[in-house]
Amino acid sequence: MLKKLGRITRAARNGDDENAPPGQFVTEKFPVLTFGPTQSIDLDKWRFRIFGLVDEEVTLDWKQFMDLEKTTLGAEFHCVTQWSRLQNTWEGIAFTEVMKLVKPGPGASHVMVHCYGGYTTNMSLEVATDNDVLYAYKHDGAALESDHGGPLRLVVPKRYGWKSAKWVNGIEFMAKDAPGFWEVRGYHMEGDPWKEDRFSA
Ligand SMILES: Nc1nc2c(c(=O)[nH]1)N[C@H]1C(S)=C(S)[C@@H](COP(=O)(O)O)O[C@H]1N2
Ligand SMILES: [Mo]
């Protein structure tokens, strides 16, 4: 059963819906969801650091990052506060492409994503290296606005939005899982919207 609420549609729980995960509302808007202030970063000073359990740490400036191979992706976006925006076109650089610049230690199993402003989020290497995970600088054809994480954000379509870290500035390889900003505060370590992994038990 679908209840139309203006332009927002309640996704049904039985799968007979608008292809949104359970408990989500579909919206065509793109709400801004940030804890704390929007970051604004001067591209001249922007840096991205790959560190932790790697053979040799690497730091990239904006030009070096933008010289990496680019890709375009259509993907859904699901926020744990229950809105889903089903059609998004992202332009960016695949997580796996950036990862080629280092050699993770044999014991590396998880990553912590780091951001300007101090926000962090964790995920397994298996999730991060899925072929739809990318660092995006464009959304629906336009430069990514700073409210939405510009100049660069991570996009992890198969996880709730809090894993899609805005204003990314680094990736840390780890030998075991550890909670990021929201995971410390009770959000689920995995955050799979199709399993409704909203909060940890
Ligand atoms: N650095 C940072 N990244 C963040 C957040 C944040 O507060 N800080 N919020 C997360 C949450 S909860 C969601 S749903 C998405 C929202 O992205 P949007 O504001 O572009 O819609 O960003 C995620 N990434
Ligand atoms: Mo969110």
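Modeller: A residue is near a molecule if one of its heavy atoms lies within 4 Å of it. The model here is predicted.

Biologist: How many residues surround ligand 1, and which are the closest?

Modeller: The shell holds 20 residues, and the closest are P31, F35, H148, R153 and K166.

Biologist: How does that shell divide by class?

Modeller: Around ligand 1 there are 13 nonpolar residues, four polar ones and three charged ones.

Biologist: Which atoms of R153, S164 and K166 come into polar contact with ligand 1?

Modeller: A polar contact needs a pair of N or O atoms within 3.5 Å. For K166, an N or O atom of the side chain is 2.5 Å from an oxygen atom of ligand 1. R153 also uses its side chain, with a polar atom 2.7 Å from an oxygen of the ligand. S164 contributes a backbone N or O atom, which lies 3.0 Å from a nitrogen atom of ligand 1.

Biologist: How much of ligand 1 does the protein bury?

Modeller: Ligand 1 taken alone exposes 530 Å², and the protein buries 98% of that area.

Biologist: Where does ligand 1 sit?

Modeller: Its place is the largest pocket.

Biologist: Turning to aromatic rings, how many pairs does a search of the whole structure find?

Modeller: The search finds 20 aromatic pairs. One of them joins F48 and F65, with 5.1 Å from centre to centre. Planes over 60 degrees apart count as edge-to-face, and here the angle is 65 degrees, so the pair is edge-to-face.

Biologist: What does the pair of F48 and F65 tie together?

Modeller: F48 belongs to strand β4 (residues 47–52) and F65 to helix α1 (residues 62–66), so the pair links parts that are 17 residues apart in sequence.

Biologist: What should I note about the backbone at P151 and Q82?

Modeller: The peptide bond from G150 to P151 is cis, with omega near 15 degrees. P151 is in the loop between β11 (142–143) and β12 (153–155). Q82 is not a glycine, yet its phi is positive, at about 90 degrees. The loop between β6 (71–78) and β7 (83–94) contains Q82.

Technical notes
Residues are numbered from 1 along each chain as its sequence is written. Chains are lettered from A and ligands numbered from 1 in the order in which they are written. This is a predicted model: local features need pLDDT of at least 70, side-chain atom pairs count only at pLDDT 80 or more; totals for chains, interfaces and linings use all residues. Side-chain values use heavy atoms; hydrogens and water are left out. A polar contact is a pair of N or O atoms within 3.5 Å; within protein, one must be able to donate a hydrogen and the other to accept it, and residues adjacent in sequence count only if both atoms are side-chain atoms. Accessible areas come from the Shrake-Rupley method with a 1.4 Å probe; for residues, only the protein chains shown count as cover. On a 1 Å grid over the protein atoms alone, a cavity is a set of points where a 1.4 Å probe fits but cannot get out, and a pocket is an open set with protein on both sides within 12 Å along at least five of seven lines; lining residues have an atom within 4 Å of a point. A molecule sits in a cavity or pocket if more than half of its atoms lie within 2 Å of its grid points. Ala, Val, Leu, Ile, Met, Phe, Trp, Tyr, Cys and Pro count as nonpolar, Asp, Glu, Lys and Arg as charged, and the others, Gly among them, as polar. Rings of Phe, Tyr and Trp (its six-membered ring) pair if their centres lie within 6.5 Å; planes under 30 degrees apart count as stacked, over 60 as edge-to-face and the rest as tilted. Helices (H or I, at least four residues) and strands (E, at least two) are DSSP runs, numbered from the N terminus.
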